[in-house]
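Hi everyone, thanks for coming. Please have a look at the sequence and the model on the screen, and then I'll walk you through some of the packing.

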Amino acid sequence: MLGAVAASTALCFSPSTHPTRTFVHRGVSNSTLPLSNHGHSFSLLSSTPMHFSSHSSRRQPLFLAQAASSSAANAEYVEEPATKVKFQTCLNFPGCSNSLTLFGAGYREKVFAIIGVKVYAAGLYLDQSITPELNAWKGLSKDAIQGNSSLFQTIFQSSFEKSLQIILVRDVDGQTFWDALSDAIAPKIPASTSVDETALTTFRGVFLDRPLKKGTFILLTWLNPTKLLVSVSPNGFPSTVDATIESANVASALFNVFLGDNPVSHSLKSSVAEGLSKVLK
């Protein structure tokens, strides 16, 4: 959604998620992501109804081993089929204390007339240690999980780290990206405080006057329910944190934009629900 990654002997917990497929790639360059660019301007996160494609899936093992090798690096990826963007199944995110595991991947699409234009692909990563906190929802189907607000709020309120990895599949102006994000967040903070306004100003500063080219990585990482890290890189996976946002209201609003009752990417939430249903069998 990647360059050669050092091999690991650790088992990586990676639930198979609909509609994603799992591939093993060796030595794939970060600069060769299969991306498209149609040159439209648009609102990235508006509430305008979206159209989504359905894709067939094949069930994969719940655990994917990364084999050790002294001579070659092996890495495992999940491909989001609508955009062909590849997400690594386990990652160490800037600022996180533990590696996180991919639980689902989807895409955001804007419809012009009757033509759907894909904007970005996104994958949700969670700390595996969160799963015991979700035992109350054991045995639920994907559909039941997808519509269960309390489960996703439990994920957000958990002290375990979580991150959303966004990879653009077209060029976007930073101002446009921020305006759309701000428009989506604002209704979810009905009475903002001075703390919230300071946090939003810091957040906005990451994107203003910054062209976001196709292939740009954006990481939104929740260290806890009140602290959000933002990382942006046009040249592969980010290695540093660009901004720290400290506001419970802003952190919660942003999580709900993507995984609340009216998410901007239904395919992402559906994929995460599928992954959780496999974990909570």
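Let's begin in the largest nonpolar core, which has 53 residues in this predicted model. A nonpolar core here is a set of buried Ala, Val, Leu, Ile, Met, Phe, Trp, Tyr and Cys residues joined through side-chain atoms within 4.5 Å. Buried means under 20% relative accessible area, exposed means over 50%, and partly exposed is in between, using a 1.4 Å probe and protein chains only. The residues with the most contacts inside this core are Phe203, Phe207, Leu220, Val230 and Phe258. Its largest share, eight residues, comes from H5. There is also a second, separate core of 17 residues, and Leu91, Phe93, Ile167 and Leu223 are among them. As background, nonpolar side chains tend to be buried together in soluble globular proteins.

A quick word on conventions. Residues are numbered from 1 along each chain as its sequence is written. Because the model is predicted, local features need pLDDT of at least 70 and side-chain atom pairs count only at pLDDT 80 or more, while totals for chains, interfaces and linings use all residues; side-chain values use heavy atoms, leaving out hydrogens and water. Helices (H or I, at least four residues) and strands (E, at least two) are DSSP runs, numbered from the N terminus.

Now to the strands. How many of the seven residues of S13 are buried? Six of them are, so S13, residues 227-233, is mostly covered. Strand S12, residues 217-224, pairs with S13 in the antiparallel sense over seven bridges; two strands pair if DSSP finds at least two bridges between them. With two residues between them, S12 and S13 form a hairpin. Within this pairing, Leu220 has Val230 of S13 as its bridge partner, and both names were on our list of residues with the most core contacts.

S13 is also joined to strand S14, residues 243-246, by four bridges, and these two run antiparallel. Leu228 stands opposite Ile245 in S14, and Lys227 stands opposite Glu246.

Next, the helices. At what angle do H3 and H5 cross? The axes of H3 (residues 174-185) and H5 (residues 248-259) come within 9 Å and cross at roughly 100°. Axes are lines fitted to C-alpha atoms, for helices over the stretch in contact, and angles run from 0 to 180 degrees between N-to-C directions. H3 and H5 are therefore roughly perpendicular, a label for 65 to 115 degrees; under 35 is roughly parallel, over 145 roughly antiparallel, and the rest oblique. Leu181, Ala184 and Ile185 of H3 make the contact with Ala253, Leu254 and Val257 of H5, where contact means heavy atoms within 4.5 Å.

Most residues other than glycine have a negative phi. Lys84, however, has a positive phi of about 65°. This lysine lies in the loop between strands S4 (75-80) and S5 (85-88), and at 36% relative accessibility Lys84 counts as partly exposed. Asp209 has a positive phi too, near 55°. Asp209 sits in the loop between helix H4 (194-207) and strand S11 (211-212), and with a relative accessible area of 80% Asp209 is exposed.
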